[in-house]
Protein chains: 2
Amino acid sequence: MSERDFTQPAIDAVALHQVLFALSDPTRLAIARALADGEEHSAGDLAGEIPKSTMSHHLKILREAGVTATRPEGMRCRVSLRRAELNRRFPGLLAAILKHAE
Amino acid sequence: MSERDFTQPAIDAVALHQVLFALSDPTRLAIARALADGEEHSAGDLAGEIPKSTMSHHLKILREAGVTATRPEGMRCRVSLRRAELNRRFPGLLAAILKHAE
DNA sequence: GGTCATGTTCTATATCTGTAGAACATAGCA
DNA sequence: TGCTATGTTCTACAGATATAGAACATGACC
């Protein structure tokens, strides 16, 4: 009955250490890097070999840390970086991190 | 007999996610911020209310992540940020983080 | 309705993390 | 040789984390 709920925190409620933690896992860092092209990606596209449940877990952590936004669209969900918002909250941070996530 | 050993990794061996992890804990982020004045601080100065063993643990994680350097000097140890080296490895990263660690 | 595709939630588990007391090590000094 | 100061290592433990299978939910399509 209820729409799928991908609530994400207001950007001003995000703490720096949360963002750093979300990006401190190699898998999640790779996800963020894949999203750095500015496009929306589906969870399935990002997953690759990773099991769906594991992927869902990582996306939840990224979302709750304010790093990504998830938007339901039909069967799939569209994940994107909250780049502009994060840059307003922590200017230069995301760019500095993504620049070095080879 | 053996000198106290505070081995720290070569800067080129440091991975981005390790640095982010080291700084993803509020206590360690506060330590890094305290070191941001460029001075050497003793572990005791940085500790404040924190028990010595806890402090030693956090300093070890920061050191092994390449974020700090520890130098024994007499009874105490001098801890400092590896700012220049980190900036060479990950240009702009540390500055962007420290800028927002209020 | 039935079926398939895409994800989420539930559950379990092995490992990691933060915390901190206790014991030990090192350095300076009387 | 004590004695004190400064940290590290040992040990324990509660809670968090990464992983992933299984069940469930949702949406599209026949």
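Let's start at the DNA: the surface near DNA strand D divides into nine nonpolar, eleven polar and six charged residues. For those classes, Ala, Val, Leu, Ile, Met, Phe, Trp, Tyr, Cys and Pro count as nonpolar, Asp, Glu, Lys and Arg as charged, and the others, Gly among them, as polar. "Near" has a cut-off too: the C-beta atom of the residue, placed from the backbone, lies within 6 Å of the strand.

Some housekeeping before I go on. This is a predicted model, where local features need pLDDT of at least 70 and side-chain atom pairs count only at pLDDT 80 or more, while totals for chains, interfaces and linings use all residues. Residues are numbered from 1 along each chain as its sequence is written, and chains are lettered from A and ligands numbered from 1 in the order in which they are written.

Back to strand D. Which residues come nearest? Of the 26 around it, they are A:Ser53, B:Ser42, B:Gly44, B:Ser56 and B:Arg76. Two or more residues come from each of these elements: helix H4 (52-64) of chain A, and helix H3 (43-47), helix H4 (52-64) and strand S3 (76-81) of chain B. H4(B) gives the most, with five residues. When I say helix or strand, I mean DSSP runs numbered from the N terminus: H or I with at least four residues for helices, E with at least two for strands.

Now DNA strand C. It has 25 residues around it, and A:Ser42, A:Gly44, A:Ser56, A:Arg76 and B:Gly74 come nearest. Here H4(A) gives the most, with five residues.

Where they touch, chain B brings 16 residues and chain A brings 16 residues. On the chain B side, helix H1 (16-22), helix H2 (26-35) and helix H6 (93-100) each give two or more. That side divides into eleven nonpolar, four polar and one charged residue. The copies meet through the same surface, because 100% of the interface residues of chain B are also interface residues in chain A. Contact means C-beta atoms, placed from the backbone, within 7 Å.

Next, the sheet in chain B. Three strands form an open, antiparallel sheet in the order S1-S3-S2. Strands S1 (41-42) and S2 (68-73) of chain B stand at the edges with a single partner strand each, so one side of each has no neighbour in the sheet. S2(B) and S3(B) pair over six bridges; pairing takes at least two bridges found by DSSP. One example is B:Thr68, whose bridge partner in S3(B) is B:Leu81.

Last stop, two helices in chain A. The axes of H2(A) (residues 26-35) and H4(A) come within 10 Å and cross at roughly 70 degrees. A:Thr27, A:Arg28 and A:Ile31 in H2(A) meet A:His58, A:Ile61 and A:Leu62 in H4(A). Axes are lines fitted to C-alpha atoms, for helices over the stretch in contact, with angles from 0 to 180 degrees between N-to-C directions.

Definitions and conventions
Contact = placed C-beta atoms within 7 Å.
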